[in-house]
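Read each task, have a go yourself, and then follow the solution step by step.

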Amino acid sequence: MGVADGPLYDSTAYTECKRQPQKPLYGGGIIVNEPSAVVDRDKGDVYSPAFLLKNLTGNGTIYSFSSWVKLRSAGSALIQASLKAEDETYSCIGTVLAKRGCWSFLKGGFVLDSPSNLSILFFRNTDGRDVSLAIASASLQPFSVQQWNTYQKYMINTERKRAVTVHVSNEQGKGLQGAAITVEQISKDFPFGSAISKTILGNLPYQNWFGERFNAAVFENELKWYATEPQQGNVTYIIADQMLQFVRANKITTRGHNIFWEDPKYTPAWVRNLTSDQLKSAVNSRIQSLMTKYKEEFIHWDVSNEMLHFDFYEKQLGPNATLDFFQTAHKSDPLATLFMNEFNVVETCTDVNSTVDTYVSRLRELQQGGVSMDGIGLEGHFTRPNLPLMRAIIDKLATLGLPIWLTEVDISNTLDKETQAIYLEQVLREGFSHPSVNGIMLWTALHPYGCYEMCLTDNNLQNLPAGDVVDRLLKEWQTRKIEAQTDEHGSHSFYGFLGEYRVSVKYGNRTTNSTFSLCQGEETRHVSILV
């Protein structure tokens, strides 16, 4: 991207509270004034601190917002940034956990459909208490849809692809010009998959459909405690074992979901009635049984699902229950990546239970307690995605240096199927183009009644609009078959998506077949083939 294309998106983010605010991103962008008290001329309401913004463009213009925030009063507070435009109010465009004595970084954004001559960007404490705020180094940078998409393509080309040069020579080391080369990508490095349920068992068309598309899977419900031990002592893994055979046979990477679910609604009824001592014994049996049986089978485990929204086990067993779960799980299967899986982290910032700083704070608590916390799980149950907010939150989480997965992506069925497909494509492109996202899972297990919120196909495996999007992206994110001839140096170069490749070289009446891996790297991958 050149200067003529506009500013390059700045992925800089911070999760540490700093003694001094850093410089504003984009030099402040279109914010030119210091924050002040702004009066809403229509209603007479006073917003302070706030920015009065003039002549914001619409037509889907994407605005990236950031600022540094500090409390002048004691304690800490969850601060929400909001935007009051002429036609619409955006209740949350970003949040930050602000403290006294140091500066915290808020990063978010919004998409404006209609132009707004006068808009108010303001801050408020989410619990309603009056607090005195200091705001510094604020920045608001607009991007056109084209600029946003161009940056995504740039990131995909630099992070998900790599340059390759194939050299063809004879046994004397002489480069062979005019050798016919065929290169095919036979597997992808990036895990992209979907939830499956027991409905895939015995359904050969569904199995073939799934195996042709995806290299990753997660069991929708079949490993959950209510499925494996519906009555106390009646432990069964028959269904999960059969599903595991399917994914193994198709070389599909699989996540373990989940060991515990903090929502009492999805905790087995018999578990909810146990005394504290009985529950402690039951949870230990659950972990030992599950983790011993499936040791080294699953790449991830969601240990204590949705712990920011629910706390059944901590209420019953004390504040260290989650800590104990992670420690025991790590001892039982030390090679599995242990995830903190949560909803409404990237989907929105209106949910005060699961803002990005709340997530980071809980994760750090567990790490300080000695937990081997290895992975960040973002469910991704979207209605209308706020792309600059989604990107900003992933930017902040990326500062932790842990693998980030979108674990349960779908779009609400309150929208029609065409709109679901449009929003799904936006989310998938945003996820795939972010260098810190290590995998994407869809929450689209097929049942006779349909799917949780969004299906890719009907029950005859005929694509719905969302399925068309997935198929198109799968094709776009795979290196097309290359058929070429070597140049005067006996070489041929191309850019390929990361993964495994098969290469065939024909020169005269001689043919050589080989394979090579294309892993992430800054340098060109050189592959030498003798014919």
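**Exercise 1.** In this predicted model, find which residues of helix 6 are buried, and work out where they lie around the helix.

*Solution.* 

Step 1. Pick out the residues with under 20% relative accessible area. In helix 6 the buried residues are Leu279, Ala282, Val283, Arg286, Ile287, Leu290 and Met291.

Step 2. Now look down the axis of helix 6: these buried residues fall within an arc of 140°, so they line one face of the helix.

Step 3. Turn to the other side of helix 6, where you will find Asp277 and Thr292 exposed.

Step 4. Ask what covers the buried residues of helix 6. The cover includes helix 3 (225–228), helix 5 (269–272), helix 7 (312–317) and helix 8 (321–332), together with strand 13 (253–261) and strand 14 (300–305).

Step 5. Finally, check the span. Helix 6 runs over residues 276–293, 18 residues in all, and reaches 26 Å from its first C-alpha to its last, close to the 26 Å expected at 1.5 Å a residue.

**Exercise 2.** Describe the open sheet of 5 strands, and say which strands stand at its edges.

*Solution.* 

Step 1. Write down the order, which is 1-2-7-4-5, and note that the pairing is antiparallel.

Step 2. Look at the edges: strand 1 (36–39) and strand 5 (89–99) each have a single partner strand, so one side of each is left without a neighbour in the sheet.

Step 3. Zoom in on one pair. Strand 4 (residues 76–84) pairs with strand 5 in the antiparallel sense over 8 bridges, and Leu83 stands opposite Tyr90 in strand 5.

Note on methods: Residues numbered from 1 in each chain as written. Predicted model: local features only at pLDDT ≥ 70, side-chain atom pairs only at ≥ 80, totals over all residues. Heavy atoms only, no water. Helix = DSSP H or I, 4+ residues; strand = E, 2+ residues; numbered from the N terminus. Expected span 1.5 Å × (residues − 1). Buried < 20%, exposed > 50% of the residue type's maximum accessible area, 1.4 Å probe, protein only. Arc of directions from axis to C-beta. Contact = heavy atoms within 4.5 Å. Pairing = 2+ DSSP bridges.
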